[in-house]
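Please find below some notes on the model, written to be read alongside the sequence and the coordinates. They begin with the contact between the chains and then turn to one chain taken by itself.

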Amino acid sequence: MAKSKNPSYANINARAVLYAVLIIVAAYYLLPLILMIVTSFRSMDEIRMGQLIEWPKTFSFDAWSMAWSEVQIGAREERGLRPYFINSILMVIPSVAISTILGALNGYVLSFWKFRGSELFFAALLIGCFLPFQAILLPQSQLLGWLGLSGSLVGLILTHVVYGVSFTTLFFRNYYVNLPHELVKAAKLDGAGFWVIFFRIILPLSAPILVVTVIWQFTQIWNDFLFGVVFSDPSSQPVTVGLNNMVNSSTGEKQYNVDMAGAIIAALPTIVVYVVAGKYFVRGLTAGSVKG
Amino acid sequence: MAELKIDNVYKSFGEEHILKGISLDVTDGEFIILVGPSGCGKSTLLNCIAGLEDVTTGDILLGDTNVTYEAPKDRDIAMVFQSYALYPNMNVRKNIAFGLEIRKMPKAEIAEEVARVAKLLQIEPLLDRKPSQLSGGQRQRVAMGRALARRPKIYLFDEPLSNLDAKLRVEMRTEMKKLHQRLGTTIVYVTHDQIEAMTLADRIAVMKGGIVQQFGTPQEVYDDPANMFVAGFMGSPSMNFLRCEVTKQEKDYAVQIESQGTIFQLPVDPKQADLSSYVGKTVVLGIRPEQITHVMPHLVAEQYITQVPVKIEVTEPTGADTLILARINDQECECRVHPQEAGKVGESMELLFNMSKAVFFDEQTEARL
């Protein structure tokens, strides 16, 4: 292709190529989701008669209500994904809150109140980020047994908090070491103590990393299957386990539309969190605190 | 306000010794400047005074109280940081009030105090802005306002002007001096800028390698430096150091210099140094550029002034004066002459060496003779 003499045309061509590539990539990633949504609104009759990939002829929410509150999962009395979903919410909120607060405090201490061996402490904590889930299954179940928390939501929360603190500490510590240390020095001279500095100076500056940590922890804990399946009993199973049990029940016909609706229900909260909090991701609150 | 006494303070980080026995007595209302090259320990000393760093041994006394082991908040000290360290999440008013709130001052008094400080520093229109909405000079003022608000015993300044551009820095320097004259507060001020030190200080402590090299008034430090380091550090352009041999004249001593192949004897004022034990040996002559000038007829006959022709290697006009780089004893020597008298590069020029303020140093120890 001859090069356009007018630089603005060259620009438009480049843009067009760029957008084309972006649209293709976006479509590639969105297709499975679109397929799931479409299928969830079709009826089983229609799926049975036609093909798996097809535009719905009729539109119904039946599969959604089935997945939410009607489908029989295992041998339990309550039906649908709802009890599992509630379990997940009861588990994820305290887990995220506690692990984030602990991470913020750890990061604050490791950045501004260093003590003898604090670097070593941080390094040891970091090892936790590299521990695979499987490695802690046995010791953790033993520990939960001793604590009398086996199969309970509290035990599950404890497991997620302990496992998550390594990551949250890393996030906050790495964010705080880049905050100007003179801020803390100035606050100390102003007469502020450990907690006052944390709550009045440091925490208000932590919004960006707070959002990152919450999103990370929420996704990790909500999507977790292994801890959920190992450390829970039927009364405390999270939605990931419920979905698995629903999809994998071996009796009867495979209800694709219900499976799809169930999968979307199980994924919905993480999507919502991204949409709501994502815009706070990049926020330079500290801009202007140092230099001119 | 109070006196500050620093008594034999040592500070080490493991094997690294940052402060090696610092002792300073600061009287009430004095403006003290700690000056030195980077890594000389001046900022560490300031942090030790503030309590942000613990001293390894030694004592720090504020007034009559030994504050060595007290927490920063109990010392009643305010500090202005190089980065200003304004709390980015608070507006200017909150920034100034923060320390007062922490100290549980009643709300009405806080408002009064903020108003007083804002008026003093002329930052009233800025009170509701966030630090990010301020220019460098305005942030600097707010940082000072925050320090002034508590009326602490002493103020510490850690290179407060070094983030400002050159013009603003000079303005703020004057302003700071005015402020000190008006408030009469005790100030310890760290800078690496010797001009700032000369212009602001009541007394200067020149530091190097964790040791105070000299502690004296700006004029003392300038005219009567304790060693070669102080002599070279203070003053711009810096003092010329010429290695030369000491000779015995009829009754006094002289140092011998060579310029363009001719030998000259520069007489040594006995008030400046006793060189009797150095005859025939080499010493370092310290002579400031302004002591080497163009020929002024009324000075030629003076006792300690010698006329020497030199070869001009480089000329640097500064506007008020022109600096001339000459070669003496095969060493570079900077001289300050009137712009109209300055010759051209490569030419020879007659200069007057005024030895009445010359100082001498030992070649090995670099100590003052």
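1. In this predicted model, the contact draws 28 residues from chain B and 23 residues from chain A. The area buried between the two chains is about 2,300 Å², and carbon and sulfur atoms give 60% of that area. On the side of chain B, the residues that lose the most area to chain A are B:Ser83, B:Tyr87 and B:Pro88, which together account for 21% of what that side buries.

2. As for specific interactions, the rule finds two salt bridges across the interface of chain B and chain A; one of the interactions of this kind joins the side chains of A:Arg200 and B:Glu101, at 3.1 Å from N to O. Between chain B and chain A, nine residue pairs are counted in polar contact, with both residues at pLDDT 80 or more.

3. The elements of chain B that give two or more residues to the side touching chain A are helix H1 (42-50), strand E6 (77-80), helix H2 (92-102) and helix H4 (136-149), and H2(B) gives the most, with four residues. Sorted by class, that side of chain B has 15 nonpolar, seven polar and six charged residues.

4. Chain B itself contains eight helices and 20 strands, and its C-alpha trace spans about 80 × 45 × 35 Å along the principal axes. Of the 369 residues in chain B, 52% are buried, while the accessible surface of the chain comes to about 16,200 Å², with 48% belonging to carbon and sulfur atoms.

5. Among contacts in chain B between residues at least 6 apart in sequence, 68% join residues at least 24 apart.

How values were computed: Residues numbered from 1 in each chain as written. Chains lettered and ligands numbered in written order. Predicted model: local features only at pLDDT ≥ 70, side-chain atom pairs only at ≥ 80, totals over all residues. Heavy atoms only, no water. Contact = heavy atoms within 4.5 Å. Buried area = accessible area lost by both parts, 1.4 Å probe. Salt bridge = Lys/Arg side-chain N within 4 Å of Asp/Glu carboxyl O. Polar contact = N/O pair within 3.5 Å; in protein donor to acceptor, adjacent residues only side chain to side chain. Nonpolar A, V, L, I, M, F, W, Y, C, P; charged D, E, K, R; others polar. Buried < 20%, exposed > 50% of the residue type's maximum accessible area, 1.4 Å probe, protein only. Areas by Shrake-Rupley, 256 points an atom, 1.4 Å probe, with all protein chains shown as cover.
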